[in-house]
Amino acid sequence: MCNVATVNIKISGNVDIVNIRRLSWFVAKRKPYHHGDLRRALVEQALRTIQLKGVDALTLRGVGHSLGVSRTALYRHFVDKSALLSAVATEGFRTLRLQLLDAWERGQDRGSFDAMGIAYVKFAISHPSHYRVMFGASVTAKPDSELALEGTGAFQALVDALIALQKDGVVRQDDPLQLALFIWSEVHGIAMLAIDDRLSRRQVNAEDLVRYALSRLWAGMAA
């Protein structure tokens, strides 16, 4: 197999016909990725691999091979598997944060708070590969990294909503951080059961369950 890096094309003179033929063979044989946003394509292929085979089966080389791109092209965007997974998790937390804020800002009341819980579980169900990476052991967020900022931002959306409800006298005056951890733990558990197919086996609707859970949570946190 020809290595693209060894192709010799003389800009100021004649073209090396032999090497051009080798390059043409490489393109036809490998069907490399040749248009659009390669970084985006790498992330999407990683998500497909995780969905089909799990996080442990993901390799940077495997993702590149699926798209038909060279190692050189891969390393321009991600230095290793960890960097690729960090990109997946960052995208996931950003999307989750925006969906939580969208749910909250519709009314900024108890109904909107419940909508945040439903939006959280729906996100997990709609983006299971993102979700597994976001809360798995495969990624560690470095301080001040984009991943750390997005992860903190998603959780802060919940904390800020609780603080607003406390100011309105709707939620008891407990530490909002502790309240947020308490609520997140409950909803996160439902989300994991849903994407692991534990609820459907029992013919349980995830949205119905999260509504019930939130009603029980309100019994303990209402002012």
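Biologist: What makes Ala223 count as exposed rather than buried?

Modeller: Its relative accessible area is 70%. Exposed means over 50%, so Ala223 is exposed. Bear in mind that this is a predicted model.

Biologist: Where does Ala223 lie, and which residues does Ala223 contact beyond its neighbours in sequence?

Modeller: Ala223 lies in the segment after α10, which covers 206-221. Setting aside neighbours within four places in sequence, Ala223 is in contact with Gly169, Val170, Val171 and Arg172. Asp174 is 49 residues from Ala223 in sequence, and the C-alpha atoms of the two are 9.7 Å apart.

Biologist: Why is the pair Arg172 and Asp174 called a salt bridge?

Modeller: The closest N and O atoms are 3.3 Å apart. The cut-off is within 4 Å, so the pair qualifies as a salt bridge.

Biologist: Are Arg172 and Asp174 buried, exposed or partly exposed?

Modeller: Both values fall between the 20% and 50% limits.

Biologist: What separates Arg40 and Glu44 along their helix?

Modeller: They are 4 residues apart in helix α2, residues 38-53, so about one helical turn lies between them. Arg40 is partly exposed with a relative accessible area of 29%. Glu44 is partly exposed too, at 34%.

Biologist: How many salt bridges does the whole structure hold, and which residues are linked in a network?

Modeller: A search of the whole structure gives 11 salt bridges. Arg94, Arg97, Glu146 and Glu150 are linked in a network of them.

Biologist: What makes the phi of Asp197 worth a remark?

Modeller: The phi of Asp197 is positive, about 65°, and Asp197 is not a glycine. Most residues other than glycine have a negative phi. Asp197 sits in the loop between α9 and α10.

Biologist: What is the phi of Asp144, and where is Asp144 found?

Modeller: Phi is near 70° for Asp144, again a positive value in a residue other than glycine. Asp144 is in the loop between α7 and α8. Its relative accessibility is 71%, over the 50% limit, so Asp144 is exposed.

Biologist: How do you know that the buried residues of α9 line one face of the helix?

Modeller: The buried set is Pro176, Leu179, Ala180, Ile183, Val187, His188, Ile190, Ala191, Ala194 and Ile195. Seen down the axis of α9, the buried residues fall within an arc of 160°, so they line one face. Their cover includes α6, α7 (128-134), α8 (146-167) and α10.

Biologist: What span does α9 reach, and what span is expected?

Modeller: Helix α9, residues 176-195, has 20 residues and reaches 28 Å from its first C-alpha to its last. That is close to the 28 Å expected at 1.5 Å a residue.

Biologist: Which residues touch the most other members of the largest nonpolar core?

Modeller: Leu84, Phe113, Met116, Val133 and Leu162 do, in a core of 63 residues. Helix α5, residues 81-105, gives the most to this core, with 10 residues. Leaving aside neighbours within four places, Leu162 contacts Phe113, Val171, Pro176, Leu179, Ala180 and Ile183.

Biologist: How many helices and strands does the protein chain have?

Modeller: The protein chain has 10 helices and 0 strands. Buried residues make up 39% of its 223 residues. Among contacts between residues at least 6 apart in sequence, 66% join residues at least 24 apart.

Biologist: Where is confidence lowest, and where is it highest?

Modeller: Helix α1, residues 17-30, is lowest, at a mean of 36, while helix α6, residues 110-126, is highest, at 98. Over residues 1-32 the pLDDT is below 50, and this stretch has 27 contacts in the model beyond near neighbours in sequence. Where pLDDT is low, the predicted coordinates should not be read in detail. The protein chain averages a pLDDT of 86, and 84% of the residues score at least 70.

Conventions:
Residues are numbered from 1 along each chain as its sequence is written. This is a predicted model: local features need pLDDT of at least 70, side-chain atom pairs count only at pLDDT 80 or more; totals for chains, interfaces and linings use all residues. Side-chain values use heavy atoms; hydrogens and water are left out. Helices (H or I, at least four residues) and strands (E, at least two) are DSSP runs, numbered from the N terminus. Buried means under 20% relative accessible area, exposed over 50%, partly exposed in between (1.4 Å probe, protein chains only). Contact means heavy atoms within 4.5 Å. A salt bridge is a side-chain nitrogen of Lys or Arg within 4 Å of a carboxyl oxygen of Asp or Glu. pLDDT is the predictor's confidence in each residue, from 0 to 100. A nonpolar core is a set of buried Ala, Val, Leu, Ile, Met, Phe, Trp, Tyr and Cys residues joined through side-chain atoms within 4.5 Å. The expected span of a helix is 1.5 Å times one less than its number of residues. The arc is that of the directions from the helix axis to the C-beta atoms.
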